[in-house]
Amino acid sequence: MDTFKKQEILKPYFENSYGCAAFSSVAKGGIFFVGGAYGKGSVYKLPEEEVVGTVELIQASGGFVLGGEVYAEIIFFQTEADFTRFVEGNFEFGADAKVVALTAAASAKATTMGNQGIQVGMTADGTQVGGANKDAAPEYTKGMKVFTVSLGGLMYQATISGQKFNVSMS
């Protein structure tokens, strides 16, 4: 969560969202036409950042993919109803175009959980999150907003993927 707390542009999401799910590292890899990802994280109620559960992210992808990467991801939930819908089970389809070289990355993503802004950076601390404005009210798609930061790897992908979240509440 520290990676995202450092992003000034995300402050309105931490202050105004009902909750979030944060993954400090998700490992992703693939070769040719098959790929996958896995990560564990925590589920929080905001703004007090109370840990209320754990979550697993499992992803399968098809399309052109080569290499591997590690990234951090956070999903903000606008309301209690959005939060509840997520913890009861959520599946998402997405389309990705991404290039990662060591800790430098450029990406764009369109998903059923909302489009991610273009993100470019050299390190996790130096990556600036796009698609948000720190002075504007938070924007959500279907009650959610997703941000990712590449932590490292060497990967190229143009894929269609599905993500499954397994949530265990405390």
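**Cores and backbone details in a predicted model**

Trainee: Leaving aside neighbours within four places in sequence, which residues is F23 in contact with?

Mentor: The structure is a predicted model. Neighbours of F23 within four places in sequence are set aside here. The residues then in contact with F23 are G39, K40, G41, V55, E56, L57, A72, E73, I75 and F165.

Trainee: Which residues have the most contacts inside the largest nonpolar core?

Mentor: That core has 18 residues. In general, nonpolar side chains tend to be buried together in soluble globular proteins. Those with the most contacts inside the core are F23, V55, I75 and F86.

Trainee: Which element gives the largest share of this core?

Mentor: At least two residues each come from β1, β2, α3 (80–87) and β6 (144–169). The largest share is 6 residues, and its source is β2.

Trainee: How many residues are in the second, separate core?

Mentor: C20, I74, F147 and V149 are included in this second core. Its residue count is 16.

Trainee: Is E49 buried, partly exposed or exposed, and why?

Mentor: E49 lies in the loop between β1 and β2. Its phi is positive, about 60 degrees, although E49 is not a glycine. Buried means under 20% relative accessible area and exposed means over 50%. Because the relative accessibility of E49 is 30%, E49 counts as partly exposed.

Trainee: Which strand does F32 lie in?

Mentor: F32 is not a glycine, yet has a positive phi of about 60 degrees. The strand that holds F32 is β1.

Trainee: What is the omega of the peptide bond from L46 to P47?

Mentor: P47 lies in the loop between β1 (19–45) and β2 (50–77). The bond from L46 to P47 is cis, with omega near 5 degrees.

Note on methods
Residues numbered from 1 in each chain as written. Predicted model: local features only at pLDDT ≥ 70, side-chain atom pairs only at ≥ 80, totals over all residues. Heavy atoms only, no water. Helix = DSSP H or I, 4+ residues; strand = E, 2+ residues; numbered from the N terminus. Buried < 20%, exposed > 50% of the residue type's maximum accessible area, 1.4 Å probe, protein only. Core = buried A, V, L, I, M, F, W, Y, C linked by side-chain atoms within 4.5 Å. Contact = heavy atoms within 4.5 Å.
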